[in-house]
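Biologist: I have a model open and would like to learn how to read the boundary between two parts of a chain. Can we go through it step by step?

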Amino acid sequence: MSNYHIKHLEEYYQIYRKSIREPENFWEEIAEEHFLWRKKWNNVLSWDFSKPEIKWFEGAELNITENCLDRHLATRGDKTAILFEPNNPDETSEHISYRQLYERVNQMAHVLKNQGVKKGDRVCIYVPMIPELAVSILACARIGAIHSVVFAGFSSKALSTRINDSDCKLVITADGSYRGDKTIDLKGIVDEALNDCDSVKSVLVIKRIHSEITMKAGRDFWLQPLLDNAPKDGKAEIMKAEDPLFILYTSGSTGKPKGMVHTTAGYMVYTAYTFKNVFQYKENDVYWCTADIGWITGHSYIVYGPLCNGATTVMFEGVPSYPDFGRFWDIVQKYKITQFYTAPTAIRALAKQGTELIEQYDLSSLKVLGSVGEPINEEAWHWYNDNVGKRKSPIIDSWWQTETGGIMITPLPYVTPTKPTYATLPFIGVQPCIMDENGEELKGNQVDGRLCIKFPWPSIARTIWGNHQRYKDTYFSAYKNMYFTGDGALRDEVGYYRITGRVDDVIIVSGHNLGTAPIEDAINEHPAVSESAIVGFPHDIKGNALYGYVTLKESGESRDHTNLRKEINQIITEHVGPIAKLDKIQFTAGLPKTRSGKIMRRILRKIAEKDTSNLGDISTLLNPECVQDIIDEAL
Ligand code: WT7
């Protein structure tokens with residue numbers, strides 16, 4: 001029996017029990033046998049959730065890129081590491097071998113060094129889904145710079161906030177990006193953002209769409225000529241186990257995004273080990289995760305996890321609807337994809353198209369179907385199972401978070417019997433529990449409450465960049481000595497977990513985590529707006545859509561509402577990004593508030609859901625009279 005590759009349910013239980021009984025021995029064995037270390041650790045784990053402080057493999061030295069690249073050169077040098085499928089299907093795809101990737105990463109690492117980037121410096125990567133994105137990430141890791149990837153669909157304001165929060169020294173971007181039949185002026189967005197960013201000394205620009213852009217002398221450099229002169233070999237910086245590897249921002253309950261910090265050794269071990277087992281990856285498989293590398297899913301399961309295992313990982317630049325809704329299936333057929341990992345929102349959008357397109361393609365290569373990002377509803381689960389998997393590929397409903405770094409609760413394909421809408425069982429080493437609102441653990445099965453994790457796993461985020469107190473307050477203060485996930489969950493009669501959704505002010509729209517506060521802050525910047533409150537309401541494809549309640553200043557009351565709605569969505573697009581646009585905007589005279597002045601979102605949520613039969617006791621509100629008006633005028 002190999003602890004690294006779990007093949008049967010009994011094996012899962014056996015290894016799981018071991019990982020809980022003796023976590024340090026367990027993880028030490030995994031780390032020892034399957035990775036390349038420059039120096040071994042002195043201590044496997046030290047932790048204290050009350051501080052909170054978590055350290056894995058202390059004393060060890062390594063470079064994650066030696067694990068992703070160098071060690072494969074001898075045996076997999078010519079194997080495809082990254083398979084790039086461009087937005088336009090008529091453009092040729094790119095097969096980048098492990099050797100070529102190694103060379104490109106070294107060249108990029110030299111360019112970064114020549115720009116003065118040193119170990120510990122922060123580099124912002126604002127690049128679309130093209131190979132240079134993965135190359136940039138790995139080049140940072142190679143020289144010990146901390147990468148901060150910002151999803152290249154975010155606005156200039158969202159970009160500058162993130163650059164400033166971690167004082168990035170350099171930005172890597174592209175002239176523009178393709179998105180279906182549209183192009184996006186990325187460099188223009190960067191230029192605007194940099195008006196507010198003093199820390200940035202240089203900008204490296206990748207040529208992708210060959211658009212006319214302005215280059216600021218002394219600051220902006222075309223990347224290709226610099227790469228052409230750089231050597232294809234180079235030494236990797238030796239990193240300590242707990243040196244930060246990257247920062248990735250996630251939105252929270254205040255306006256400021258949280259820069260989650262992931263460190264080197266634990267993150268590597270956990271993402272590699274989960275990748276191997278959750279996707280049951282075998283040497284000649286072709287694995288495709290449709291996420292953008294701008295999110296944690298892409299960091300862990302397009303770049304680091306697959307490359308650490310010497311896998312072939314697909315990077316797709318485009319969108320599922322271009323040139324038509326058959327695109328995903330076309331790619332599956334073309335590359336004989338074996339593992340396909342996507343989000344429920346994509347599944348619902350594709351399901352809406354019917355099955356005609358899907359029937360034109362040969363999907364028989366598929367062995368494993370993954371789902372991530374939000375709860376998958378039963379209808380979408382069955383559509384995925386029947387039409388994509390033809391009822392022979394298990395669906396892996398994997399629950400995890402930016403903060404957890406890797407997959408936490410999930411079936412293992414061909415190992416764990418699946419159940420629609422259930423993420424099923426904890427991954428090896430993960431100790432979930434369900435808590436009630438009074439802080440008591442709900443033991444046994446058939447319980448419903450809030451999901452916490454009792455014990456550290458190797459890839460848990462170690463802090464929030466520049467704000468350890470916020471890290472403690474957000475994740476370790478709701479329940480004593482527990483990591484609180486922010487999700488509700490239930491455990492059924494056999495011990496399977498089902499994630500029921502967020503219990504805080506985060507709304508998941510099309511699989512994207514949106515905090516209500518940053519959106520409200522943006523709306524409130526409109527000169528005609530007095531106050532606003534955002535809630536989610538159910539949407540067929542997006543899962544949730546956003547409903548905004550807006551009160552106007554006197555000066556705004558005479559304004560045309562159609563124009564105002566457009567302007568509000570425009571401000572949101574500028575401040576947060578187009579994903580945060582509101583589907584419905586209701587102008588109202590007042591918002592229901594508690595006596596301490598807190599907006600009662602619970603009531604607004606019910607109204608948005610058109611479920612006003614039981615609003616609870618509203619008599620204690622500061623202004624109960626406004627509730628009926630809001631109901632009468634609801635959209
Ligand atoms: C939140 C984390 C980590 C992957 C991308 C999202 C929700 C994620 C599932 C799932 C039900 C899920 C949770 C979680 N979520 N996967 N399989 N079933 N809910 O990362 O943006 O940090 O969002 O996404 O609410 O807390 P993220």
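Biologist: How many residues of domain 1 and of domain 2 are in contact?

Modeller: Contact here means heavy atoms within 4.5 Å. In this predicted model, 14 residues of domain 1 touch 14 residues of domain 2. Domain 1 covers 2-319 + 398-489, and domain 2 covers 510-633. Their C-alpha centres lie 34 Å apart.

Biologist: What area is buried between domain 1 and domain 2, and what percentage do carbon and sulfur atoms give?

Modeller: About 850 Å² is buried between domain 1 and domain 2, with 54% of that area from carbon and sulfur atoms. Helix α7 (residues 156-165) supplies three residues, the largest share of the domain 1 side. That side as a whole is made up of four nonpolar, nine polar and one charged residue.

Biologist: Now to strand pairing. Which way do β28 and β29 run, parallel or antiparallel?

Modeller: Strands β28 (residues 529-539) and β29 (residues 543-552) run antiparallel and are joined by 10 bridges. One of the residues to look at is Val535, whose bridge partner in β29 is Tyr547. A hairpin of three residues links β28 to β29.

How values were computed
Residues are numbered from 1 along each chain as its sequence is written. This is a predicted model: local features need pLDDT of at least 70, side-chain atom pairs count only at pLDDT 80 or more; totals for chains, interfaces and linings use all residues. Side-chain values use heavy atoms; hydrogens and water are left out. Domain bounds come from an automatic or database domain assignment. Buried area is the accessible area (1.4 Å probe) that two parts lose on being put together, summed over both. Helices (H or I, at least four residues) and strands (E, at least two) are DSSP runs, numbered from the N terminus. Ala, Val, Leu, Ile, Met, Phe, Trp, Tyr, Cys and Pro count as nonpolar, Asp, Glu, Lys and Arg as charged, and the others, Gly among them, as polar. Two strands pair if DSSP finds at least two bridges between them.
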